[in-house]
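Work through the exercises below with the model open. Try each task before reading its solution.

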Amino acid sequence: MSYDPHSKEWLLHRFETYKDLRASDKAYWCEKYGVYVITRYDDVFYALNNPKIFSSAGGNLLIERGERLGRTLGASDNPIHSEYKDMVLQAYAKENMERVSKSFTERANKLLENKTEINISDVTEELGAWLTIELMNSPLDKEEALQLALYTHRHHPLVAVENVDPNATAKFEKINHHIMSKTPSGPGVYNQYVNNNPKRLDRPALMVGTMATGPGSTAAALQSLTLDLFYENQLDAVINDRTLIPKAVNESLRFRAGVGRFTRTVTENVILHDTFLKAGDRIAICLESANRDPANWIDPDKFLIHRTDKTKHLAWGHGVHSCIALAISKEMIRIYLKTLLDKVGKYEILTKPEDLEYVLMFGGNISMMSNIILRKL
């Protein structure tokens with residue numbers, strides 16, 4: 001047994017490892033990262049549903065940086081967490097979502113049309129970044145903002161493990177200062193930061209957080225769906241019946257959650273996974289393992305579009321800390337799949353499952369891949 005989301009080999013075989021960890025009488029203690037690994041559905045659900053006992057104030061990443069604590073949605077508890085979330089809720093209102101959906105659809109069409117062989121890793125990373133900048137809607141030129149988001153995601157030390165640019169933080173802060181000096185040009189997260197921030201909460205930290213995590217989490221979900229439909233022999237079913245798109249998206253989120261794990265800090269003594277945890281202990285909550293727990297799912301290692309389980313999958317979290325962009329992200333995944341079927345149709349994945357190359361992310365939460373090659377048939 002082991003647990004190491006910063007190992008490409010581990011990421012490739014993690015679902016096999018999770019079976020052993022779920023079957024263990026006790027939660028696995030990971031010495032390398034100083035966390036108890038929580039893998040059963042009921043335990044993961046309990047932890048997510050009890051944020052006062054399992055706190056995000058100490059961070060939600062496997063490796064954490066002090067500058068994030070209390071300054072981002074992912075690394076804060078109430079009341080600060082709710083203040084941050086309430087500050088930007090209007091950015092996710094229906095009118096703005098229609099604008100974002102239209103722009104995302106146009107970008108997806110542009111990236112997928114008139115191509116026979118496609119690097120889906122590159123396409124999905126760009127789409128994830130495009131969604132991020134459209135949600136942000138800063139005064140920057142869109143193409144300039146896109147390049148900033150991609151650069152931040154690939155080279156900023158808060159995100160990347162490989163190919164880190166030591167000048168990335170200073171470069172981002174310089175551009176961020178330039179952005180903050182401008183007037184909002186329309187609805188979006190940036191507008192909310194500027195006009196709905198009575199306590200002068202830390203706008204730059206929130207901006208970095210959005211730029212850093214948005215592209216990867218969306219890209220990972222798009223990549224997983226593309227792979228799952230082909231590897232699990234479900235592509236023909238969706239091609240022949242487009243009404244299955246929402247079900248295919250939902251099952252892919254369960255089957256191979258792009259955001260697979262979070263950490264929490266225990267605030268009081270509690271027993272979880274038959275393990276006594278004391279205040280101050282850290283746990284790794286494995287969403288992707290919970291989503292394949294045979295105690296809660298029928299044939300959990302099978303991709304079943306017509307799944308009838310009543311259990312709610314935990315992709316992107318649950319409860320007060322569930323992803324604020326969950327609804328719009330699911331809609332963008334559906335748009336992506338519809339566009340993929342419209343522009344490409346039947347396809348094959350040239351990359352074999354054992355040859356997938358995972359991108360190592362600093363926080364160890366996101367399972368994004370770098371070498372998915374698709375060929376139109």
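**Exercise 1. Which residues of α5 are buried, and what covers them?**

Step 1. Apply the cut-off: buried means under 20% relative accessible area, with a 1.4 Å probe and protein chains only. The residues of α5 that pass are N96, M97, V100, S101, S103, F104, R107, A108, L111 and L112.

Step 2. Look for the cover. It includes the strand β4 (117-119) and the helices α6 (120-136), α7 (142-155) and α14 (326-343).

A note on the source: this is a predicted model, where local features need pLDDT of at least 70, side-chain atom pairs count only at pLDDT 80 or more, and totals for chains, interfaces and linings use all residues. Residues are numbered from 1 along each chain as its sequence is written, and side-chain values use heavy atoms, without hydrogens and water.

**Exercise 2. How many helices and strands does the chain have, and what is its radius of gyration?**

Step 1. Count DSSP runs: helices are H or I of at least four residues, strands E of at least two. The chain has 14 helices and 12 strands.

Step 2. Take the radius of gyration over C-alpha atoms; the globule rule is 2.2 Å times the number of residues to the power 0.38. The chain gives 20 Å, close to the rule's 21 Å for 377 residues, so it is as compact as a globular protein of that length.

Step 3. Check burial. Of the 377 residues, 56% count as buried.

Note on methods
Buried < 20%, exposed > 50% of the residue type's maximum accessible area, 1.4 Å probe, protein only. Contact = heavy atoms within 4.5 Å.
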